Amino acid sequence: MSIKQSELILNPDGSIYHLNLRPEHIATNIIFVGDQDRVDKITKHFDSIEFTTQKREFKTTTGTYKNKQFSVISTGIGPDNIDIVLNELDALVNINLETRKPKENLTSLNIVRIGTSGSLHDDIPVDSFVIGSHGLDLNGLLHSYQIDPISNPEIEDAFVKHTNWSAKKSYPIVIENSKELENRLKSDKTHQGITATAGGFYGPQGRILRLAIQDNELNHKIDSFSFNQHRITNLEMETSAIYGLSKLLGHKACSINAIIANRANGSFSKNPGKVVADLIEYTLEKLIE
């Protein structure tokens, strides 16, 4: 049965609705960034540019770096945007947009997020790199899907018990990264740990300006959590959605973050632009090895 026009929305030129892309526009190796201005900071290293477009916050540039084709896509902020980007990317490679039917032979994308994040531990300082071994969904997005095949109930239940997680909030979900991509990215320069993904920047990450929050001790509970040598190393707003949707759709995903803030000691990078630039060069070289 064909997918209805109201569910799979295409633009008049045949491109997918939000991303403004057609299947021929993207590579199978994808780099996600949050900030649209960061796309050019990556693609300036490319040997050639084949295509570029932008609609709203979603900017895509496809080109070649040392004989390997990449598409760099800005997702904007938050898990809700990841829901748009990953579903539309999957549609581009795994749904025939003319017949509106899923393809019999599916394509698996390699997706690496280059992001920024805050560390939760003194021993993971600003200006370091952290690979998310798992994504911890604190925002509830993945509960819209059938997540049983990808969740890790033992870690989830231990986290809920440790934090006395409110039953009024969505139950946390833990999703593993692609070990294949992690092994390509890790080195003695990187830290590994669970990346917690919040649904907002202020209250959901424990920041207090004028509004009281539901649990004043949540950040301390998060950074003191440990289960079978797994600890939560950093907190941001995208990774769990990337890991969860990628696993459900059959894609490989791994997130690597530049640490620009340390919530444990209150420090902030003196030159966040440089640490992001260093991470970009590091990641590109790792992905072509």
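This is a predicted model: local features need pLDDT of at least 70, side-chain atom pairs count only at pLDDT 80 or more; totals for chains, interfaces and linings use all residues.
**Figure 1**
The relative accessible area of Thr197 is 0%, under the 20% limit, so Thr197 counts as buried.

**Figure 1. Helix H6, a mostly covered helix.**
Helix H6 runs over residues 239-249, and eight of its eleven residues are buried. The buried residues are Thr239, Ser240, Ala241, Ile242, Tyr243, Gly244, Leu245 and Ser246. Just after H6 comes Gly250, which takes a positive phi of about 90°.

**Figure 2. Gln36 in the loop between strand E1 and helix H1.**
Strand E1 spans residues 29-33 and helix H1 spans residues 37-43, with Gln36 in the loop between them. Is Gln36 buried, partly exposed or exposed? Its relative accessibility is 30%, so Gln36 counts as partly exposed. Apart from neighbours within four places in sequence, Gln36 is in contact with Gln54, Arg56, Glu57, Lys59 and Ser74. With Gln54 there is a polar contact between the two side chains, at 2.2 Å. His230 is 194 residues from Gln36 in sequence, and the two C-alpha atoms are 32 Å apart in space.

**Figure 3. Asp40 in helix H1.**
Asp40 lies in helix H1. At a relative accessible area of 40%, Asp40 is partly exposed. The side chains of Asp40 and Lys59 are joined by a polar contact of 3.0 Å. Lys59 is also in contact with Gln36. Between Asp40 and Thr61 there are 8.2 Å in space, C-alpha to C-alpha, and the two are 21 residues apart in sequence.

**Figure 4. The largest nonpolar core and a second, separate core.**
In soluble globular proteins, nonpolar side chains tend to be buried together. In this model the largest nonpolar core has 56 residues. Which of them touch the most other members? They are Phe32, Ile42, Leu89 and Ile256. Not counting residues up to four places away in sequence, Ile42 touches Ile31, Val33, Val72, Ile114, Ile280 and Leu284. A second core of 17 residues is separate, and includes Ile155, Val160, Val174 and Phe227.

**Figure 5. The largest cavity and its lining.**
Rolling a probe the size of a water molecule over the atoms shows where empty space is left. The count comes to one cavity of 30 Å³ or more. About 60 Å³ of space lies in the largest cavity. Its lining is made of Asn29, Ile30, Ile31, Lys68, Phe70, Asn110, Val112, Leu181, Arg184 and Leu287. Two or more lining residues come from each of E1, strand E4 (68-74), strand E7 (110-119) and helix H4 (179-185). E1 gives the largest share, three residues. By class, the lining has six nonpolar, two polar and two charged residues.

**Figure 6. The largest pocket.**
The volume of the largest pocket is about 470 Å³. Of the 22 residues that line the largest pocket, Thr116, Ser117, Phe201, Glu236 and Ile260 lie nearest its centre. At least two lining residues each are supplied by E7, strand E12 (230-236) and strand E13 (252-262). The largest share, five residues, comes from E7. The lining divides into eight nonpolar, seven polar and seven charged residues.

**Figure 7. The second largest pocket.**
The second largest pocket holds about 240 Å³ of space. Its lining has 14 residues, and the closest to its centre are Glu7, Leu8, Ile9, Asn87 and Glu88. Which element gives the largest share of this lining? Helix H2 (residues 79-94) does, with five residues. Nine lining residues are nonpolar, two are polar and three are charged.

Note on methods: Residues are numbered from 1 along each chain as its sequence is written. Side-chain values use heavy atoms; hydrogens and water are left out. Helices (H or I, at least four residues) and strands (E, at least two) are DSSP runs, numbered from the N terminus. Buried means under 20% relative accessible area, exposed over 50%, partly exposed in between (1.4 Å probe, protein chains only). Contact means heavy atoms within 4.5 Å. A polar contact is a pair of N or O atoms within 3.5 Å; within protein, one must be able to donate a hydrogen and the other to accept it, and residues adjacent in sequence count only if both atoms are side-chain atoms. On a 1 Å grid over the protein atoms alone, a cavity is a set of points where a 1.4 Å probe fits but cannot get out, and a pocket is an open set with protein on both sides within 12 Å along at least five of seven lines; lining residues have an atom within 4 Å of a point. Grid points are joined across faces, edges and corners, and a volume is the space filled by probe spheres set on the points. Ala, Val, Leu, Ile, Met, Phe, Trp, Tyr, Cys and Pro count as nonpolar, Asp, Glu, Lys and Arg as charged, and the others, Gly among them, as polar. A nonpolar core is a set of buried Ala, Val, Leu, Ile, Met, Phe, Trp, Tyr and Cys residues joined through side-chain atoms within 4.5 Å.
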